[in-house]
Amino acid sequence: MMTFAQILILQIIAHLLADFTFQSHDMAKEKLDSGFASKMLKWHILIVFILSWILSFQWEFVVVSAAIALLHWLIDGFKKILASKNKIAKYSFFIDQTLHMLVIIGSVFLFDHFFDIHTNLQLSWSTHELLIVLGFLLCTKPANIFIGEVMKVYNIKFTDSESIQNAGKLIGNCERIISLVLILNGQFEAVGFILAGKSILRYKETETPKTEYVLIGTLLSFGIAIIIGVGIPFLEKLIN
């Protein structure tokens, strides 16, 4: 028997996979530039629908998945207008993701209210295991994009032509995943050593802007891993 919390976590995982993992930068940019006229938007919505339905593990959820996909289409379509407003453009990512989360929570709540949550397959995953999967998924591409959007809000920019392309993203993924593993095993001191070691290495840079940029990114990166690591057991207790 699947619980409300489990199907909600699965739907959030489906959203992260569709909106981050399986969406390239070029696809996201084309959608933002073209709005409802985007050629990529319909394919993105199809992925949203398929992942939502598959990860519900129940036939009856098809109507809810269709509603989530339709509302996702509306939110993404109107994002072009949102991004064109100077005063709120830099917050468009956070508004967009908040609306998607509200749609998912509301849809799962209504499904739970009007239907019996059950699975067509025998699943043995616990809420704890699903939260762990969600946590590690958040530590990858969603965290990279979140950090970039926070930088935009504070108008923090730095271009380094000598850096290896995507190296920073890979380093960020690795440090967050390692940190999350350590935190979930109660090794907070080890996370402190990694953070201190990386800070010392970065402070060898002679260029102050680059050092500050990397330090901000590092603090945000470790901050995300720590919040997720502390948040998982907290949410587990709250659910149980």
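This is a predicted model: local features need pLDDT of at least 70, side-chain atom pairs count only at pLDDT 80 or more; totals for chains, interfaces and linings use all residues.
I started with Ile7 and looked up its neighbours beyond four places in sequence: Ile7 touches Met2, Ser56, Gln58, Phe61, Val108, Phe111 and Ile117.

Next I looked at the core. The largest nonpolar core has 41 residues, and Ile7, Ile13, Leu55 and Phe61 are the ones that touch the most other members. H1 gives the largest share, with 11 residues. By domain, I find at least three core residues from domain 1 (4–123) and at least three from domain 2 (152–239).

On to Thr127, which sits in helix H6. Buried or exposed, I wondered about Thr127? Its relative accessibility is 12%, so I put Thr127 down as buried, the cut-off being under 20%. Skipping residues within four places in sequence, I get contacts from Thr127 to Thr3, Gln6, Ile9 and Ile239.

Last stop was Ala89, in the loop between H4 and H5. Ala89 has a relative accessible area of 25%, so I logged it as partly exposed. With neighbours within four places in sequence set aside, I have Ala89 in contact with Leu82 and Ala83. I also took the C-alpha to C-alpha distance from Ala89 to Thr21: the two are 23 Å apart in space and 68 residues apart in sequence.

Terms used
Residues are numbered from 1 along each chain as its sequence is written. Side-chain values use heavy atoms; hydrogens and water are left out. A nonpolar core is a set of buried Ala, Val, Leu, Ile, Met, Phe, Trp, Tyr and Cys residues joined through side-chain atoms within 4.5 Å. Buried means under 20% relative accessible area, exposed over 50%, partly exposed in between (1.4 Å probe, protein chains only). Helices (H or I, at least four residues) and strands (E, at least two) are DSSP runs, numbered from the N terminus. Domain bounds come from an automatic or database domain assignment. Contact means heavy atoms within 4.5 Å.
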